[in-house]
Amino acid sequence: LIENAIGSTAAANTVNINNNTLTGDYLTATTGAFYGIYSSASAATVNINNNTLTNFVYSGAALTGSGVVYPIYNSGAATIVNANGNTVSNITRTGTTGSTTIGIYLSSGTTQTVNNNTVSNMSIDGAGTGSTMYGIQVAGTTVTVNGNLVHTLTCIKTTGTGALYGIYDISSPTNENYNNNVVRDLTHNGTGIIYGIYTFTTSGTRTVSGNQIYNLTGAGTTI
């Protein structure tokens with residue numbers, strides 16, 4: 001719906017994607033991806049703040065529905081990436097295969113700050129094993145994820161084997177901080193593992209404090 005690829009030169013540029021309200025459907029999706037806000041610019045600073053993304057519907061029960069769904073997505077190697085004060089809610093998908101859904105996804109950027117966001121009511125239904133879901137996923141060198149509310153993430157289908165994460169760090173940062181987040185009401189009706197907060201520091205400093213994680217329910221064996 002909003003895609004930005006400019007701002008990488010000059011290197012001191014700041015990209016602002018703020019204060020937008022987005023809703024949309026991709027009802028004919030088979031393998032195609034669905035992004036709400038997507039920035040690929042390698043600017044000095046990328047700000048994705050105070051946006052509302054709600055009522056996204058992806059694919060249909062008779063379609064493959066195997067593309068990714070990322071309501072907020074930054075892939076640009078910016079020095080600083082901020083995603084603060086956003087609301088992502090009511091994201092539903094179905095299909096005969098399924099795939100990955102991530103509410104807020106920062107796959108690149110050196111220093112990442114994801115504070116005071118709400119990610120809620122995301123679900124996947126249909127057939128097939130694809131069902132991996134993340135409320136928030138980060139991948140910076142220095143990561144701060146504070147004061148977020150992630151709730152009501154659901155794998156409805158019993159055939160799903162993908163994991164369900166509230167907050168997840170996919171990289172190996174040297175400094176990561178997860179404080180005062182609330183992760184609740186994660187439900188997996190398949191066999192996938194459920195994680196409240198998954199951190200990934202192998203060397204460096206990790207601070208995890210004041211978080212509340214509760215009401216994680218799975219039909220599998222691991223939470």
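This is a predicted model: local features need pLDDT of at least 70, side-chain atom pairs count only at pLDDT 80 or more; totals for chains, interfaces and linings use all residues.
## Overall fold and dimensions

The protein chain contains 21 strands and zero helices. Its radius of gyration is 17 Å, close to the 17 Å that the globule rule gives for 223 residues, so the chain is as compact as a globular protein of that length. Along the principal axes, the C-alpha atoms fill a box of roughly 45 × 40 × 25 Å.

Contacts can also be described by separation in sequence. Among contacts between residues at least 6 apart in sequence, 82% join residues at least 24 apart.

## Surface and interior

The protein chain exposes about 8500 Å², and carbon and sulfur atoms supply 48% of this area. Of the 223 residues, 52% are buried, that is, they have under 20% relative accessible area.

## Nonpolar cores

In soluble globular proteins, nonpolar side chains tend to be buried together. Here the largest nonpolar core has 41 residues. The residues with the most contacts inside this core are Val-88, Ile-104, Val-114, Ile-136 and Ile-167. Apart from this core lies another, of 10 residues, among them Tyr-38, Tyr-70, Tyr-165 and Tyr-168.

Which residues does Ile-167 touch, not counting residues up to four places away in sequence? On that basis, Ile-167 touches Ile-136, Val-145, Val-150, Tyr-178, Asn-181, Val-183, Gly-196, Ile-197 and Tyr-198.

Terms used. Residues are numbered from 1 along each chain as its sequence is written. Side-chain values use heavy atoms; hydrogens and water are left out. Helices (H or I, at least four residues) and strands (E, at least two) are DSSP runs, numbered from the N terminus. The radius of gyration is taken over C-alpha atoms; the globule rule is 2.2 Å times the number of residues to the power 0.38. Buried means under 20% relative accessible area, exposed over 50%, partly exposed in between (1.4 Å probe, protein chains only). Contact means heavy atoms within 4.5 Å. Accessible areas come from the Shrake-Rupley method with a 1.4 Å probe; for residues, only the protein chains shown count as cover. A nonpolar core is a set of buried Ala, Val, Leu, Ile, Met, Phe, Trp, Tyr and Cys residues joined through side-chain atoms within 4.5 Å.
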